[in-house]
Amino acid sequence: MPAHRIVVGLLGGEVVETRASTPEGTFAAYRRLDGAVPGMIAWPNTVLLTGPEPVIIDPGYQTQGDMLDGALRRRGIAPGDVRTVVMTHLHSDHLSALPQLPGVTEVWVHRAELDTPHARRQRGILDDAPLVVVEGAQGEVRPGLTWFHAPGHSPGHVVVVAECDESRVMAVGDTLGPDPAWFRNTAPPDGLADRDEHLATWRMIRARAPATVVPGHYAPFAIAQEGTTEGGVESPPVRIRTRSTGGSPGHFT
Ligand SMILES: [Zn+2]
């Protein structure tokens, strides 16, 4: 399910709404709302992995709930059949649609994410969730589906790595920021909070040589091993299929 943004501002007692055809375009419009009191609703990409079992990365914002339900059903998956969710991090726009998946038995989250102010504000959802709390630098969810700790945007942020039949796909959450140019040019803006951690995470992403990167808030894109991007990948969401491989490393297509 693709990401999108809507900007709503208050300007001279009037409500003004701004949007562009892309999430990054709308983010740019947000930064240009001169004189207005701006606000923004941001829906992230929700990633569905299919194969031996469906896996959801970041269910999304609570207002995406019906869209998540409908998007799954359109692909022949009953929302109640999703057992496994992996959270890149616990900001509400990535987590709060979780109750739309009533059959979940595993919600993977990094321990460093749990004791944050933004996670504590999600206690109503997290208290009911069957958490699988992980620690350390990296680990495995399933064969062929791994994660590594990628702080910067938030303390316990992880990047999720799916080994596909022909390429490696990474769901990188919000580690890249809202503007594609930041990562493309390795140029996070001055004053970005935890700027050095962002850069360290970007180096880890590039070092693992993904073929496709799925950011949290704009379209998936291809990436060359030397670190230059090569155009966008059309029609998100990326649907990734798993093959049962009898215990050997799984492959996702
Ligand atoms: Zn976030």
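Trainee: What makes strand E12 (residues 168–173) count as mostly covered?

Mentor: Five of its six residues are buried. Buried has a cut-off: 20 or more other C-beta atoms within 10 Å of the residue's own; exposed means 12 or fewer, partly exposed lies in between, and the C-beta atoms are placed from the backbone. Two points first. This is a predicted model, so local features need pLDDT of at least 70, side-chain atom pairs count only at pLDDT 80 or more, and totals for chains, interfaces and linings use all residues. Residues are numbered from 1 along each chain as its sequence is written.

Trainee: How many residues of the chain count as buried?

Mentor: The share is 41% of the 253 residues.

Trainee: How many helices and strands does the chain have, and what makes a stretch one of them?

Mentor: There are eight helices and 17 strands.

Trainee: How do you know which strands E12 pairs with?

Mentor: Count bridges. Two strands pair if DSSP finds at least two bridges between them. Four bridges join E11 to E12, and these two run antiparallel. Four also join E12 to strand E13 (residues 212–215), but here the strands run parallel. Met-170 faces Val-213 in E13. Ala-162 has Val-169 in E12 as its bridge partner.

Trainee: How many residues lie between E11 and E12 in their hairpin?

Mentor: Four.

Trainee: What gives E11 the label mostly covered?

Mentor: Five of the six residues of E11 are buried. E11 also pairs with strand E10 (residues 145–149), antiparallel, through five bridges.

Trainee: What makes a set of residues a nonpolar core, and which members of the largest one touch the most others?

Mentor: Members are buried Ala, Val, Leu, Ile, Met, Phe, Trp, Tyr and Cys residues, joined through C-beta atoms within 7 Å. The largest core here has 51 residues. Val-85, Val-86, Val-159, Val-160 and Met-170 touch the most other members. Strand E11 (residues 158–163) gives the most to this core, five residues.

Trainee: How do you know what Val-85 touches?

Mentor: Two residues are in contact if their C-beta atoms, placed from the backbone, lie within 7 Å. Leaving out residues up to four places away in sequence, Val-85 touches Ile-56, Pro-59, Leu-98, Leu-101, Val-104, Glu-106, Val-107 and Trp-108.

Trainee: Which strands make up the open sheet with E1, and in what order?

Mentor: The order is E2-E1-E3, with antiparallel pairing. Strand E2 (14–18) and strand E3 (37–43) are the edges, since each pairs on one side only. On average, neighbouring strands are turned by 20 degrees against each other, direction ignored.

Trainee: How many bridges join E1 to E2 and to E3?

Mentor: Five join strand E1 (residues 4–11) to E2, and seven join E1 to E3. Gly-9 stands opposite Val-16 in E2, and Val-8 opposite Glu-17.

Trainee: What packs on this sheet, and at what angle to E1?

Mentor: Helix H1 (residues 23–31) does, touching E1, E2 and E3, and its direction makes about 15 degrees with that of E1. The axes are lines fitted to C-alpha atoms, for helices over the stretch in contact, and angles run from 0 to 180 degrees between N-to-C directions.

Trainee: Which residues of H1 are buried, and why do they lie on the same side?

Mentor: They are Pro-23, Thr-26, Phe-27 and Tyr-30. They cover an arc of only 105 degrees around the axis, which puts them on the same side of H1. The arc is that of the directions from the helix axis to the C-beta atoms. E1, E2 and E3 are among what covers them.
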